[in-house]
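Trainee: Before I use any label on this model, I want to know what stands behind it. Can we go through the terms one by one?

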Amino acid sequence: MIAAAQNTTSETPVQWFAMSATFRREIKARALLEAAGIECFIPMRYMPVTKRNGHKVKELVPAVHNLIFVRARREDIQVIKTDIPYLQWLTRPCDGKNVPIIVPDNEMEQFIKVTKDCNEQLVYLRPDEIDLKKGTPVRILGGPFNGVSGTFIKVRGHRSRRVVVMLQGIIGVAMA
């Protein structure tokens with residue numbers, strides 16, 4: 001563990017990576033990553049009331065299936081991927097190659113701050129559902145989302161405008 005903490009010029013920094021756990025195995029991947037000492041995050045939400053064994057229950061499930069954010073060095077993730085074959089990099093094209101998507105720490109902090117409480121009023125949006133050209137940048141002052149920056153826009157399918165926190169090209173979350 002001590003050798004891992006030392007940072008040499010050949011090592012990459014610890015970063016947030018957007019990844020996919022195929023076939024809805026993100027919870028299983030999270031358990032394996034956490035057992036290996038790797039930080040990860042899955043945005044969760046409560047499903048509407050359903051009946052199970054004759055009882056009404058709310059179930060905590062991933063808000064976006066197959067999506068998991070992993071915070072580690074790229075080399076460490078590559079090693080752990082040998083034990084978790086269904087954990088895949090989410091990539092984007094760059095200079096003719098597909099490169100893993102890295103989420104800046106400040107964007108990830110805001111995204112976690114907004115989504116960690118599993119609020120039922122949050123709306124998760126695909127990048128193509130958000131037109132940020134129309135929005136006004138805002139920063140929330142006060143309340144549980146104090147300090148969060150986002151964009152104030154009209155979200156399709158909702159009456160009022162909402163503040164959207166966006167992870168560029170991955171996902172956006174709209175809050176009332």
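Mentor: Start with the nonpolar core. A nonpolar core is a set of buried Ala, Val, Leu, Ile, Met, Phe, Trp, Tyr and Cys residues joined through side-chain atoms within 4.5 Å. Buried means under 20% relative accessible area, exposed over 50%, partly exposed in between, with a 1.4 Å probe and protein chains only. This is a predicted model: local features need pLDDT of at least 70, side-chain atom pairs count only at pLDDT 80 or more, and totals for chains, interfaces and linings use all residues. Residues are numbered from 1 along each chain as its sequence is written, and side-chain values use heavy atoms, with hydrogens and water left out.

Trainee: Which residues have the most contacts inside the largest nonpolar core?

Mentor: Phe69, Phe111 and Ile170, in a core of 22 residues. Strands S1 (15–21), S7 (67–72), S15 (161–167) and S16 (171–175) each give two or more residues to this core, as does helix H4 (105–115). Another core, of 19 residues, lies apart from it and includes Ala21, Cys40, Ala72 and Ile80.

Trainee: What makes a stretch a helix or a strand?

Mentor: Both are DSSP runs, numbered from the N terminus: helices are H or I with at least four residues, strands E with at least two. The protein has 4 helices and 16 strands.

Trainee: What share of the residues of the protein count as buried?

Mentor: 36% of the 176 residues. The C-alpha trace spans about 50 × 50 × 35 Å along its principal axes.

Trainee: Why is Cys40 called buried?

Mentor: Its relative accessibility is 12%, so Cys40 falls under the 20% limit. Cys118 has 13% and therefore counts as buried too.

Trainee: What makes S9 and S10 a pair?

Mentor: Two strands pair if DSSP finds at least two bridges between them. S9 (residues 91–94) and S10 (residues 97–100) have 4 bridges and run antiparallel. Pro93 has Asn98 as its bridge partner in S10. The two strands form a hairpin with 2 residues between them, and Asp95 in the turn has a positive phi of about 55°.

Trainee: Which strands stand at the edges of the open sheet?

Mentor: The sheet has 5 strands in the order S12-S16-S15-S14-S13, with antiparallel pairing. S12 (123–125) and S13 (136–139) each have a single partner strand, so one side of each is left without a neighbour in the sheet. Neighbouring strands are turned by 35° against each other on average, direction ignored. Axes here are lines fitted to C-alpha atoms, for helices over the stretch in contact, and angles run from 0 to 180 degrees between N-to-C directions. Inside the sheet, 4 bridges join S14 (residues 149–154) to S15. Thr151 stands opposite Val164 in S15.

Trainee: What does H4 touch when it packs on the sheet?

Mentor: Contact means heavy atoms within 4.5 Å. H4 touches S12, S14, S15 and S16, and its direction makes about 135° with that of S15.

Trainee: How do you know that the buried residues of H4 share a side?

Mentor: They are Met108, Gln110, Phe111, Val114 and Thr115. Their arc, taken from the directions from the helix axis to the C-beta atoms, covers only 160°, which puts them on the same side of H4.

Trainee: Which residues of helix H3 (74–81) are buried?

Mentor: Ile77, Ile80 and Lys81. Their arc is only 105°, which puts them on the same side of H3. They pack against S1, helix H2 (26–35), S7 and strand S8 (87–89).

Trainee: Why is Arg73 called buried?

Mentor: Its relative accessibility is 12%, so Arg73 counts as buried. Arg73 is in the loop between S7 and H3. Neighbours within four places in sequence aside, Arg73 contacts Glu11, Thr12, Pro13, Val14 and Phe17.

Trainee: And what makes Gly172 buried?

Mentor: Gly172, in strand S16, has a relative accessible area of 0%, so it counts as buried. Not counting residues up to four places away in sequence, Gly172 touches Val123, Tyr124, Leu125, Ile130, Val164, Val165 and Met166.
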